[in-house]
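Please open the structure in your viewer, with the sequence panel alongside, and follow the selections below in order.

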Amino acid sequence: MEKLDEVDTKILRCLSGDCRLSYRKIANTLNLSTSTVSKRINRMIDKGIILSFVPLLNSTLLNINMYIIGAKVKPGYDVDELAKEIGKDDFVTNVFLTVGSYDMIIMIEAKDNRDMLEKIKRVTGKNGIERFESFQIIDVKKQNPTNMP
């Protein structure tokens, strides 16, 4: 696990609030030089701490149908490998390994119910899926980026 110092944490807090902030704005806010902010952000990108700079989209306003699949993996199958395989599909937005009733939670996007059924069959038809349960997200009440402590 990568240890972050206070400066890195403050930079990440700024970006979590608005990923469009310029390095100059972050530098002014934190009383740092622009080059320091740039070097630290690039280092965090290189180390895989910052994965991307993306906006949070309102799926309801964009008519994007979102679904969650809870999947239990058959004994003897490699959960990590199966998750990687599932994650290769472009309609899969997230794959989380979990503890509890399911071994993984998979989020997918679909145009409509027919498209959703096709995509759920594609995901759950993979070798290693023992059972699954799917849920349609009908409205998002809160969606935030990861919060920094």
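Begin by selecting Ile86, Val92, Met104, Ile106, Ile108 and Val123, the residues that touch the most other members of the largest nonpolar core, which has 17 residues. A nonpolar core is here a set of buried Ala, Val, Leu, Ile, Met, Phe, Trp, Tyr and Cys residues joined through side-chain atoms within 4.5 Å, where buried means under 20% relative accessible area, exposed over 50% and partly exposed in between, computed with a 1.4 Å probe on protein chains only. Strand S1 (65-73), helix H4 (79-87), strand S3 (104-110) and helix H5 (113-124) each supply at least two residues of this core; the helices (H or I, at least four residues) and strands (E, at least two) are DSSP runs, numbered from the N terminus. A second, separate core has ten residues, among them Ile11, Ala27, Val37 and Ile41.

The model is a predicted one, in which local features need pLDDT of at least 70 and side-chain atom pairs count only at pLDDT 80 or more, while totals for chains, interfaces and linings use all residues. Residues are numbered from 1 along each chain as its sequence is written, and side-chain values use heavy atoms, with hydrogens and water left out. If you colour by pLDDT, the predictor's confidence in each residue from 0 to 100, the protein chain averages 90, and 96% of the residues score at least 70. Confidence in the protein chain is lowest in H1, at a mean of 90, and highest in H4, at 96.

Leaving aside neighbours within four places in sequence, methionine 104 is in contact (heavy atoms within 4.5 Å) with Ile69, Gly70, Ala71, Val73, Val79, Leu82, Ala83, Ile86, Val95, Phe96, Leu97 and Thr98.

Next select valine 92, which lies in strand S2 (residues 92-97) and counts as buried because its relative accessibility is 10%. Beyond residues up to four places away in sequence, valine 92 touches Ile86, Gly87, Ile106, Met107, Ile108 and Val123. A distance drawn from valine 92 to alanine 110, 18 residues apart along the chain, gives 9.4 Å between the C-alpha atoms.

Lysine 126 is the next stop, placed in the loop between H5 and strand S4 (129-137). Is lysine 126 buried or exposed? With a relative accessible area of 16%, lysine 126 is buried. Not counting residues up to four places away in sequence, its contacts are Leu82, Glu85, Ile86 and Asp89; the C-alpha atoms of lysine 126 and glutamate 85, which are 41 residues apart along the chain, are separated by 8.9 Å.

Now move to H1 and helix H3 (residues 34-46), whose axes come within 11 Å and cross at roughly 85°; the axes are lines fitted to C-alpha atoms, for helices over the stretch in contact, and angles run from 0 to 180 degrees between N-to-C directions. To display the contact, select Val7, Asp8, Ile11, Leu12 and Leu15 of H1 together with Val37, Arg40, Ile41, Arg43 and Met44 of H3. These residues divide into seven nonpolar, no polar and three charged, with Ala, Val, Leu, Ile, Met, Phe, Trp, Tyr, Cys and Pro counted as nonpolar, Asp, Glu, Lys and Arg as charged, and the others, Gly among them, as polar.

End at asparagine 31, in the loop between helix H2 (23-30) and H3, where the residue is exposed, with a relative accessible area of 72%. Phi of asparagine 31 is near 60°, a positive value in a residue other than glycine. Most residues other than glycine have a negative phi.
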